[in-house]
Amino acid sequence: MIATDISIWIAAFFTIAATSYVFKDNIIFKFAEYTFIGVAAGHALVMGVENVKKYGWSHLKGGEIIYIIPFIVGVLLYFRYHPTYYWLYRYGIAFLVGQGIGLSMRGMVHTDFIKQIAATAGPLVAETALGTLNTIIIFILTITSLTHFIFTVKQVHIGTMSWLPKIGRYGMLLAFGAAFGNTVMTRFSQYQGRMLFLLRDWLGIVAP
Amino acid sequence: MGLEKVGALPRWLVMTIVVVLMAIPLIKPLGILPVISESTMDYYNAIDQLKPGDVVLFDIGFGSGGYPTLGPASIAILRHCFSKDLKVVIMATQQEGAVIYPLIMDKVKPEEVYGAKYGEDYVFLGYIAGVQTAMAAVLGDLHSAAPVDYTGKSIDTLPMMANIKNADDIDVVAYLTTAGEIAEGWVYQAYSRYKKTTCGGWLSMMTPSLKPYYDTGALTGMLDGIRGAAEYEKLIGEPGDAMKTTDILNLTQLWVLILVILGNIAFFAARGKEVS
């Protein structure tokens, strides 16, 4: 049975309005687009103010004076718009970047470098035949892909060794193709959720 | 018409066929069941081997855009957790996650179906800003990072939080996200620093760049988009939206495959014409 809830009708309208873009850019799509941007911006603003209250202001009010520092760093960011004292914003950015790098580097070195290199440099023979084939492919494509990025030695690309970066290039193209295929699959899977909503929740054609 | 013209199908035709291919299996399901992949099985096992009372930290790292894909996965994972009497600490590292939470819980129905109680068996901390800063803070000192839950109630007053203070008290960190920085963040903060059992799930398009974390053992389990969600639903024996849409995925992917073949035919036909 078709939905009687007004919120479902609104959601159905915006779903169809957003989808209409695949046929042609139109005013209904633009309305949906601007509404989404407006709602998202409004939501982000409210959440931002809430966060300042929850994680900063409440502590400051409770007598934790140390919380004045993030407030000062935050205010410094707005000096970006001041014609004379704009350089002050760099302190805020420096603090944010430094903190972010410090936090992620700690874990990154272990998982992104050491573990990845160790896994790539593992034994070629695995427990199964398919596993062995996989490790051999990883070994070959890692080495050949790396050779593609050797720009300081010209002979690698034009000499008798030029087949090495060529294999690497094909390997990378395969990876890009897989990534593209996954992207298409993701977009469809996101839209199929809306189809389910339209046919089940809105029109009631599909059984719950 | 030359073969090179097949690559120039009008956009409206391509998309209309997509919409039709999505609608048909929803109205008349084909009933093709997903094959369980090793990564989904590992995600499932990581939670299934926990004992009643063990703690799962679950992060909703996605918003409305990711809900059609990751919503069904969240529902399946939380159903699994509640069916095993686990304590679930839910948080959101994505701003819209706080809006998504009620949509998920509306389907999970922890009180009605599993007899779970808010504050005793599960808690929602709301959105915690800062991504990796938030993760590090929650794992370091949960009560300082999130002194109140999403309703504004002090978490010190919630019975289950009395024994959950930091990473030492958390058994599994599970997350679903549409953001690469969140997916990597949990690996850096939960696995790399605390060696916690960490399970990640994300959109299929993120899999090629994030799968190495699963391959190297940094992630114990991995859910690959809607396919992973459908597999998880099958594993817990509760078919949901993901399994309903498996047929759609099969049909639309078949259509994409046809388009790729047509595109290649057009490309080589056009090149052949140029050469001749």
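**Strand pairing and the chain A–chain B interface**

In the predicted model, Ile90(B) stands opposite Phe124(B), a residue of strand β3(B). The two strands concerned, β2(B) and β3(B), run parallel and are joined by four bridges. Strand β3, which covers residues 122-127 of chain B, is mostly covered, with six of its six residues buried.

A further set of pairings involves strand β4 of chain B, residues 172-177. This strand is likewise mostly covered, and six of its six residues are buried. Strand β4(B) pairs in the parallel sense with strand β1 (residues 55-61) of chain B, over six bridges. Within this pairing, Phe58(B) has Ala174(B) as its bridge partner in β4(B). Strand β4(B) also pairs with strand β5 (residues 197-202) of chain B, again in the parallel sense and over six bridges. Here the bridge partner of Ala174(B) is Cys199(B) in β5(B). Together with helix α8 (residues 180-193) of chain B, strands β4(B) and β5(B) make a β-α-β unit that is right-handed.

Helix α8 of chain B also contains Gln189(B). Gln189(B) has a relative accessible area of 0% and therefore counts as buried, the limit for that class being under 20%. The side chain of Gln189(B) makes a polar contact with the side chain of Gln132(B), at 2.8 Å. When neighbours within four places in sequence are left aside, the residues in contact with Gln189(B) come from both chains: Leu103(A), Ser104(A) and Arg106(A) from chain A, and Gln132(B), Met135(B), Ala136(B), Leu139(B) and Tyr194(B) from chain B.

The interface as a whole was then examined. Contact between the chains takes 53 residues from chain B and 43 residues from chain A. Between them the chains bury about 4,300 Å², of which 64% lies on carbon and sulfur atoms. One salt bridge is found across the interface of chain B and chain A. This salt bridge is formed by Arg200(A) and Asp241(B), whose closest N and O atoms are 2.8 Å apart. Polar contacts across the interface of chain B and chain A amount to 16 residue pairs, both residues of each pair being at pLDDT 80 or more. On the side of chain B that touches chain A, the largest share, ten residues, comes from helix α1 (residues 11-27) of chain B.

Gln95(B) counts as partly exposed because its relative accessibility is 22%, which falls between the limits of 20% for buried and 50% for exposed. Apart from neighbours within four places in sequence, Gln95(B) is in contact with His43(A), Ala44(A), Met47(A) and Gly48(A) of chain A, and with Tyr127(B) of chain B. Gln95(B) and Gly63(B) are 32 residues apart in sequence, and their C-alpha atoms are 7.3 Å apart in space.

Terms used: Residues are numbered from 1 along each chain as its sequence is written. Chains are lettered from A and ligands numbered from 1 in the order in which they are written. This is a predicted model: local features need pLDDT of at least 70, side-chain atom pairs count only at pLDDT 80 or more; totals for chains, interfaces and linings use all residues. Side-chain values use heavy atoms; hydrogens and water are left out. Buried means under 20% relative accessible area, exposed over 50%, partly exposed in between (1.4 Å probe, protein chains only). Contact means heavy atoms within 4.5 Å. Two strands pair if DSSP finds at least two bridges between them. A crossover is right-handed if, with the strands pointing away from the viewer, the path from the first strand over the helix to the second runs clockwise. Buried area is the accessible area (1.4 Å probe) that two parts lose on being put together, summed over both. A salt bridge is a side-chain nitrogen of Lys or Arg within 4 Å of a carboxyl oxygen of Asp or Glu. A polar contact is a pair of N or O atoms within 3.5 Å; within protein, one must be able to donate a hydrogen and the other to accept it, and residues adjacent in sequence count only if both atoms are side-chain atoms.
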